[in-house]
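Open your viewer and keep the sequence beside it. We will go from stop to stop, selecting as we go.

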Amino acid sequence: MQALWRWLALLLIAGLALQLFFLARIVLMTRVDPQSTAFERSELFRLWQESRPTSPAAANGKKAVVRKPKPLRWRQQWVDYERMSTHLKRAVIASEDDAFASHSGVDWDALQEAWMRNAAAQARAEKLAQRSAAQRTTQQAVRQPKVVGGSTITQQLAKNLFLSGERTLLRKGQELVLTLMLEAVLDKRRILEIYLNHVEWGEGVFGAQAAAQRYYGKNAWQLGPEEAARLAVMLPRPRFFEKLPNSAYLAERASVIESRLWFAQLPQ
């Protein structure tokens with residue numbers, strides 16, 4: 001029993017030490033621009049692996065063929081908050097988190113709405129699965145419900161800066177703690193500045209400057225309302241929309257965001 005308590009104490013100390021490490025990193029961000037995020041490092045490693053030539057093992061006595069590697073593409077360049085297009089700031093807030101300037105890091109109403117929508121989608125999927133089983137048919141595949149998120153910009157930044165992409169209760173709890181730390185230490189302008197400089201806008205494309213150059217051949221401070229709205233709409237699925245730039249949904253949703261642009265409240 002004593003050994004168990006010792007292990008629990010060690011786990012508690014390790015957990016507290018980890019939180020202090022995260023807090024120190026966040027405090028440093030008040031003065032120093034972060035060079036990379038955990039998500040970016042993970043993506044860079046993945047792209048680096050794909051850029052290496054591979055030699056599959058020969059089968060049935062045939063000579064192995066070396067697969068041609070993908071070129072390693074990586075774009076990122078920091079742009080200060082003051083130099084970034086106001087249209088882009090407003091568009092991202094309107095699209096991703098319209099209460100960003102007023103909430104304390106977590107939009108509980110949005111989380112509750114997302115939970116209710118996910119529960120309803122799960123119930124529909126289960127009902128369809130039961131109907132398919134009763135009919136004993138496999139012609140109609142039962143699709144998994146799409147998970148709707150309720151994450152704020154601050155929560156997305158916390159996840160990208162420090163955490164992996166796995167979805168567990170422990171990781172979600174750590175994300176919440178990091179979100180509260182970010183809101184306590186950094187002001188809203190700094191949070192938005194870091195977010196816009198490190199968010200993914202395509203495969204190997206990170207930050208507003210890289211996105212502006214990749215899609216429009218201009219700088220982040222030169223983006224107009226329509227361009228900013230299209231970039232903002234890409235954020236939930238940047239690699240998907242990178243391949244479908246002429247998507248009807250992208251155009252329609254961007255038009256909606258552009259119309260809401262001037263109602264988005266920027267942080268003071």
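Among contacts in the protein between residues at least 6 apart in sequence, what percentage join residues at least 24 apart? The figure is 71%. Contact here means heavy atoms within 4.5 Å.

Some ground rules come before the first stop. This is a predicted model, where local features need pLDDT of at least 70, side-chain atom pairs count only at pLDDT 80 or more, and totals for chains, interfaces and linings use all residues. Residues are numbered from 1 along each chain as its sequence is written, and side-chain values use heavy atoms, with hydrogens and water left out.

**Stop 1: the whole protein**

Show everything as a cartoon. The secondary structure comes to 11 helices and 0 strands. Helices (H or I, at least four residues) and strands (E, at least two) are DSSP runs, numbered from the N terminus. Now switch to a surface view. The protein exposes about 16600 Å², and carbon and sulfur atoms supply 57% of that area. Accessible areas come from the Shrake-Rupley method with a 1.4 Å probe; for residues, only the protein chains shown count as cover. Of the 268 residues, 38% count as buried. Buried means under 20% relative accessible area, exposed means over 50%, and partly exposed lies in between (1.4 Å probe, protein chains only).

**Stop 2: helix α5**

Select residues 153-162, which form helix α5. Is this helix largely enclosed or largely open? It is largely enclosed by the rest of the structure, because 9 of its 10 residues are buried. Among the buried ones are Ile153, Leu157, Leu161 and Phe162. Next, colour the elements around helix α5. The cover over its buried residues includes α1 (2-28), α2, α3, α6 (169-185) and α7.

**Stop 3**

Select Ile93 in helix α3. Ile93 is buried, at 0% relative accessibility. Leave aside its neighbours within four places in sequence. Ile93 is then in contact with residues including Ile153, Leu192, Leu266 and Pro267. Ile93 and Ala232 are 139 residues apart along the chain, yet their C-alpha atoms are separated by 8.4 Å.

Now select Ile257, in helix α11. Ile257 is also buried, with a relative accessible area of 0%. Which residues does Ile257 touch, not counting residues up to four places away in sequence? They are Ala91, Ala94, Ser95, Ala229 and Val233.

**Stop 4: the salt bridges**

Side chains of opposite charge can pair when their charged atoms come close. A salt bridge is a side-chain nitrogen of Lys or Arg within 4 Å of a carboxyl oxygen of Asp or Glu. A search of the whole structure finds 14 of them.

Select Arg239 and Glu43. They form a salt bridge, with the closest N and O atoms 3.4 Å apart. Arg239 lies in helix α10 (residues 238-243) and Glu43 in helix α2 (residues 38-51), so the pair ties together parts that are 196 residues apart in sequence. Arg239 is partly exposed, at 29% relative accessible area, whereas Glu43 is buried, at 6%.

Glu200 sits in the loop between α7 (188-198) and α8 (208-216), 39 residues from Arg239. Salt bridges that share partners join Glu43, Arg46, Glu50, Glu200, Glu203 and Arg239 into one network.

Move on to Arg260 and Asp98. Their salt bridge has its closest N and O atoms 4.0 Å apart. Arg260 is in the segment after α11 (248-259), and Asp98 is in the loop between α3 (86-96) and α4 (108-135). Arg260 is partly exposed, at 28%, while Asp98 is exposed, at 55% relative accessibility.

**Stop 5: a pocket**

Select Leu18, Phe22, Leu163, Glu166, Thr168, Leu170, Arg171, Gly173 and Gln174, which line the second largest pocket. A pocket is found on a 1 Å grid over the protein atoms alone: it is an open set of points, where a 1.4 Å probe fits, with protein on both sides within 12 Å along at least five of seven lines, and lining residues have an atom within 4 Å of a point. The volume of this pocket is about 160 Å³. Grid points are joined across faces, edges and corners, and a volume is the space filled by probe spheres set on the points. Which helix supplies the largest share of the lining? Helix α6 does, with 4 residues.
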